[in-house]
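Hello,

Here is the structure that I promised to hand over, and below it are my notes on what was found. Please read them with the structure open beside you.

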Amino acid sequence: MTQSERYRRAQRALAPADVTLTALEITHPDVADPVRVVNDTVSRTIEGDTYVPLRFQARLVSDPESGLPRAELVVNNVGRALTQWVERSEGGAGAQCRVLQVIAGEDTPQYDVSLGVQAMPVRNSEVRVVLGHADLFGRRAVRLRHDPETSPGLF
């Protein structure tokens, strides 16, 4: 038995039996098929849907000007299928991203949260998915203010 084989066996023996996996489901109202990926090396079935293996990383983005929390997912652009989905959704504007955490071998998520997609810039090697909520506090309270300029008949 080689040293690398002994290392792999020892690594499997020390690994926990219940590994937590993260999965993403990205939907868009204009695209019929959602993107379903799992951060693993094999396909997984979660809630009856098949999630394809694709590596991604998550990180918090600091934005001190607006003070709104945002996160960014960096998904490997292997196979370019995600790039085609972003093109069909016209840049991903209006998409929703559902983040799931499941225990390997189980079908039901332990954690489930949905966030709006603010942007989806595509590069050759990766697709960045910027997640967050719209700035509701920065909006005007009313759409039309009645003043002498907008409603001269009232004044």
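The strands β6 (residues 70–76) and β9 (residues 126–132) pair in the antiparallel sense over seven bridges, where helices (H or I, at least four residues) and strands (E, at least two) are DSSP runs numbered from the N terminus, and two strands pair if DSSP finds at least two bridges between them. Five of the seven residues of β6 are buried, so this strand is largely enclosed by the rest of the structure; buried means under 20% relative accessible area, exposed over 50% and partly exposed in between, with a 1.4 Å probe and protein chains only.

Before you go further, please note that this is a predicted model, in which local features need pLDDT of at least 70 and side-chain atom pairs count only at pLDDT 80 or more, while totals for chains, interfaces and linings use all residues. Residues are numbered from 1 along each chain as its sequence is written, and side-chain values use heavy atoms, with hydrogens and water left out.

In soluble globular proteins, nonpolar side chains tend to be buried together.

V129 also deserves a look by itself: leaving aside its neighbours within four places in sequence, V129 is in contact (heavy atoms within 4.5 Å) with I26, A71, E72, L73, V117, A119 and M120.

Finally, which residues other than glycine have a positive phi? One of them is E47, with phi near 50°, placed in the loop between β3 (44–46) and β4; at 39% relative accessibility, E47 counts as partly exposed. Another is E90, with phi near 55°, found in the loop between α2 and β7 (96–103); at 69% relative accessibility, E90 counts as exposed. Most residues other than glycine have a negative phi.

Best wishes
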